Amino acid sequence: MARSAAVFGFNEYSRQIANQVRDIYQDFALFVISEEEKKEALQAGFLVELIDLSEDWQGIERQFDVESLIVFCALANDAENVFLTISLRATFDKLNIVALAQDNESAIKMKSAGADKVLPSLQIAASVISDMLGKPIVTKVLHEVLYEDGLLNIIEIEVTKDSEFVGKYLHDIHFKSEYDVILLAIVDHELGTTFSFASKGHNHHIDPGDILVVIGYQDKLDALIRAVRKVHV
Amino acid sequence: MLGQWVVTFAFFLHSCANYRNAKNFTYNILENNHFPYKKYFDYSMIALIILSVYILIRQVKYEMSLTWLFFNNYVISAIFLIEYLLRMWVYSDNAKVIIDQYENDLFLHRRFSLSQAVKTILKQKFEFILSPSAIIDLLAIMPFLHELRMLRIFVLFRVLKLFRYARSLRRLISILASKKFELLTLGLFALIMIIVSSVLIYVMEATNPKSPINTLFESLYWSVVTIFTVGYGDMVPVTPEGRSVAMIVIISGIAVISFGTSIIVTAFTEKLDDIKEEKMIEDVSKLGKFYLICGYSALTNEVVHRLRKASKDIVILEKDPLKAKEAQSEGLYVLNFDPASLHTYQMTRIHFERQVIAVILLEESDVANIYTALTIRELNKKIPLHSILHKPENRKKLSMAGIDEMVNPHELVGFMSKKISNQPVAFEVIHALRSEHGGTAIDEIILDSGMSKRFFELLVHPLFHQRLSMLGIYQVNEQSFVFNPAANFHIQAGDVAIVVANRSLVNEFRNLLHRKKGK
């Protein structure tokens, strides 16, 4: 997991991103591209740095360990955001870049510019609105699970090298009855880097590095984390 | 004495529910275009008219059976007569006129004037009788009164009755009526030209033995045929003076036709938007259940795109004509009206209880959304209201305006960024579930009381075990979510289970759950 985060831009979106992520990283920085943004960010209580989009980004390399840095490109203008993304990607191969796009068209450009993950704001809002209408309860529950600090949570647990789970098959572990959690998906590195839903019914062989995505109450999840990380004797 | 009796009877009619219902129903079926059964009445009358004209044409050369003639002359005519009388009945309310007159006289300490009330009633009824459509109706009944062969031509007036029943024909008349002044001016010009040229050609040609134009009627016939650019050529002037008149009439004729055409085309062009709007309102009023979206923007387009995938009908209210046009070009039901105005809902005849599933407010400011929400809440307290929230600080205000659910895109992006940063795989899993990428879906199954045993049995059925995950049950009464409930959980009517599985497996689970219940 990344240890540092940087947010670019200061507008309603970047303010929300900064508010959500600044407390979960050891190092956090906010970069803006205009004096006006800088003034607003300072007023909102952020430490802020003014940058020029055409700079060579060596400052970032000096300030952060780029390999453990996650960057949020959230400039107000999509064209500038694409330019920022492509500039960062051109300089840092391994940088984790999350870019914000107003719509799908810009999202495609951000992807082409090298963003690892793109958040198209328009599509996100539209999809939540249509989900609210079509599946109101699912939307409500998922919102609580994903974004609210309630008791129910969704987490991903990486199976450690010495874990008791290593060598077992998925169907041998009774997540529901034994741990009171539900396994939603697994990243089985034997099969690829993407996840596979548990409901596909495949009986995966668990290896070190595999990731389990589970949903449950926080205390039960903590118990499962302890169980997964328990050293196999 | 008579006056008192009439007033008592008027009050009786006014308060008699059966009489009022019968009159309302008759009015609706005859005159109210929005009454759902009126179209069946109109279609029946159109069928009778077509049949009637067919009989007239057929009997020109062939003998018709007496049954058919009786049907045409008496049955159809009797139906039209009844219709005519009913229209006259519903045209005005006699009981109300009498009561108004009585109350007015009572207020002024005067004796009730029955004659004044009768005068008002007759005035109103004559208004109806002298209206163009009522005259046509009356003439269409004529064959019933006269069996003379000449008068059978009156059947053709029945064709004119089509204007009553076919909306498009009425629209045509209203379009032409909007250019009444221009058309009358042009008509007057044509009339003067016809009269002047008829007289001139008569004067120039009638005395010439070689000329085919010998009478005033022939010169009038020649003028009409020439000015309207038909020019049969059966009669032509032969004198140089007559030919000079012909040249002037021909030039005037071209002007009359071209001006006439341009006036009609302009009328259609000007009314095109109104016609389209009227048609759109009509289409929307025929829709079943739909989502009502207030405000058109790029976000609306995205929401519409998703709702359409779920085969839902959507109606958009947008006050900006340019935006409304843009939305119309996307093939959507768009009404160019202000969603915040009460007048809009009267004009568009949107029926909240019968038609609207939910209202989605997607206008470009919280101010506009609050205003629209208050308008809608004034009309309907229960309809689910969803809104975009532009500024988080306005959340409470939107809630006070009666909005049930709000979506703030900025907050959402913030939450997502946090989840992507620390739980990227979990985020992707949920995203894939929501969008059903890869065929796995998260869905709701509505449960019924007494279903607990069946429900939990099915979950461990070999078809679903390890392949369908039940996350939990949402208890509607308590409004709480019970995660991973035990098999002895008591399900209540309306509770909702949230399950994760392949889409077809979810559907099969739902089917089996309800099929078992049937047994």
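## Chain A at a glance

In chain A, 57% of the contacts with a separation of 6 or more join residues 24 or more positions apart; two residues are in contact if their C-beta atoms, placed from the backbone, lie within 7 Å. This is a predicted model, in which local features need pLDDT of at least 70, side-chain atom pairs count only at pLDDT 80 or more, and totals for chains, interfaces and linings use all residues. Residues are numbered from 1 along each chain as its sequence is written, while chains are lettered from A and ligands numbered from 1 in the order in which they are written.

Chain A has nine helices and 10 strands. Both kinds of element are DSSP runs numbered from the N terminus, with helices being H or I of at least four residues and strands being E of at least two. The C-alpha trace of chain A spans about 60 × 45 × 35 Å along its principal axes. Of the 233 residues in chain A, 45% are buried. A residue is called buried if 20 or more other C-beta atoms lie within 10 Å of its own, exposed if 12 or fewer do, and partly exposed in between, with C-beta atoms placed from the backbone.

Chain A is divided into domain 1 (4-125) and domain 2 (147-229), with bounds that come from an automatic or database domain assignment. The C-alpha centres of these two domains of chain A are 32 Å apart.

## Chain B at a glance

Now for the partner chain. Chain B holds 23 helices and 10 strands. Its radius of gyration is 36 Å, well over the 24 Å that the globule rule gives for 519 residues, so chain B is more spread out than a compact globule. That radius is taken over C-alpha atoms, and the globule rule is 2.2 Å times the number of residues to the power 0.38. Along the principal axes, the C-alpha trace of chain B spans about 110 × 75 × 60 Å.

Buried residues account for 29% of the 519 in chain B. Among the contacts in chain B with a separation of 6 or more, 62% are between residues 24 or more positions apart. The domain assignment for chain B gives domain 1 (2-165), domain 2 (180-271), domain 3 (287-410) and domain 4 (438-518). Taken over C-alpha atoms, the centres of domain 2 and domain 4 of chain B are separated by 84 Å.

## Where the chains meet

At the interface, 60 residues of chain A are in contact with 53 residues of chain B. Helix α6 (residues 121-134) of chain A gives the most to the chain A side, with 14 residues. By class, that side has 40 nonpolar, 12 polar and eight charged residues. Here Ala, Val, Leu, Ile, Met, Phe, Trp, Tyr, Cys and Pro count as nonpolar, Asp, Glu, Lys and Arg as charged, and the others, Gly among them, as polar.

A residue to look at here is A:Val141, in helix α7 (residues 136-147) of chain A. A:Val141 is buried, with 22 other C-beta atoms within 10 Å. Leaving aside neighbours within four places in sequence, A:Val141 is in contact with B:Tyr474, B:Phe481 and B:Ile498. A:Pro136 also lies in helix α7 of chain A, but A:Pro136 is partly exposed, with 18 other C-beta atoms within 10 Å.

## A helix with a buried face

Helix α18 (residues 366-379) of chain B has 14 residues and reaches 20 Å from its first C-alpha to its last, close to the 20 Å expected at 1.5 Å a residue; the expected span is 1.5 Å times one less than the number of residues. Its buried residues are B:Asp366, B:Asn369, B:Ile370, B:Thr372, B:Ala373 and B:Ile376. Seen down the axis of α18(B), these fall within an arc of 170 degrees, so they line one face of the helix. The arc is that of the directions from the helix axis to the C-beta atoms.

An α-helix has 3.6 residues a turn, so residues three or four places apart point the same way. The cover over the buried residues of α18(B) includes β1 (290-294), β4 (356-361), β5 (385-388) and α19 (395-400) of chain B.

## Two loop residues with positive phi

Most residues other than glycine have a negative phi. A:Asp180 has a positive phi of about 55 degrees although it is not a glycine. A:Asp180 sits in the loop between α8 (175-179) and β8 (181-187) of chain A, and counts as partly exposed, with 17 C-beta neighbours inside 10 Å.

In chain B, phi of B:Arg349 is near 55 degrees, again a positive value in a residue other than glycine. B:Arg349 lies in the loop between α16 (342-348) and α17 (352-355) of chain B. With 12 C-beta neighbours inside 10 Å, B:Arg349 counts as exposed.
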